[in-house]
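Please look at the structure first.

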Amino acid sequence: MSITNHSAAPGANVHFEHYCEEPGCKEWGGFGHSPSKAIPVRWWCWEHFPYKTYEQEQPLRRKLEAAENHLK
């Protein structure tokens with residue numbers, strides 16, 4: 001494996017594991033948000049991400065409704 005395009009800066013190649021902050025959720029927290037650089041980033045999965053727009057949220061709502069209807 002080549003290191004041609006890798007940074008030599010300390011900590012630049014460290015991989016952090018971010019899981020959803022919603023209690024009980026074990027999903028990957030791929031969506032982070034912080035109101036400023038002074039406040040640590042909080043991470044959520046897409047289902048629990050609180051900063052979605054209405055348009056972004058609609059496909060998830062349809063998916064959850066379809067799953068709920070399938071269980072009935």
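Glu57 and Arg61 lie 4 residues apart in helix H1, so about one helical turn separates them. Helices (H or I, at least four residues) and strands (E, at least two) are DSSP runs, numbered from the N terminus. This is a predicted model, in which local features need pLDDT of at least 70 and side-chain atom pairs count only at pLDDT 80 or more, while totals for chains, interfaces and linings use all residues. Residues are numbered from 1 along each chain as its sequence is written, and side-chain values use heavy atoms, with hydrogens and water left out.

The structure holds 2 salt bridges (a side-chain nitrogen of Lys or Arg within 4 Å of a carboxyl oxygen of Asp or Glu).

| Salt bridge | N to O distance |
|---|---|
| Glu21 and Arg42 | 2.8 Å |
| Glu57 and Arg61 | 3.2 Å |

Glu21 is partly exposed at 35% relative accessible area (partly exposed lies between buried, under 20%, and exposed, over 50%, with a 1.4 Å probe and protein chains only). Arg42 is partly exposed at 43%, Glu57 at 23% and Arg61 at 44%.

The largest pocket holds about 160 Å³ of space. A pocket is an open set of points on a 1 Å grid where a 1.4 Å probe fits, with protein on both sides within 12 Å along at least five of seven lines; lining residues have an atom within 4 Å of a point. Helix H1 (residues 54-71) gives the largest share of the lining, 4 residues. Among the lining residues are Trp28, Trp46 and Lys63.

Note on methods
Grid points are joined across faces, edges and corners, and a volume is the space filled by probe spheres set on the points.
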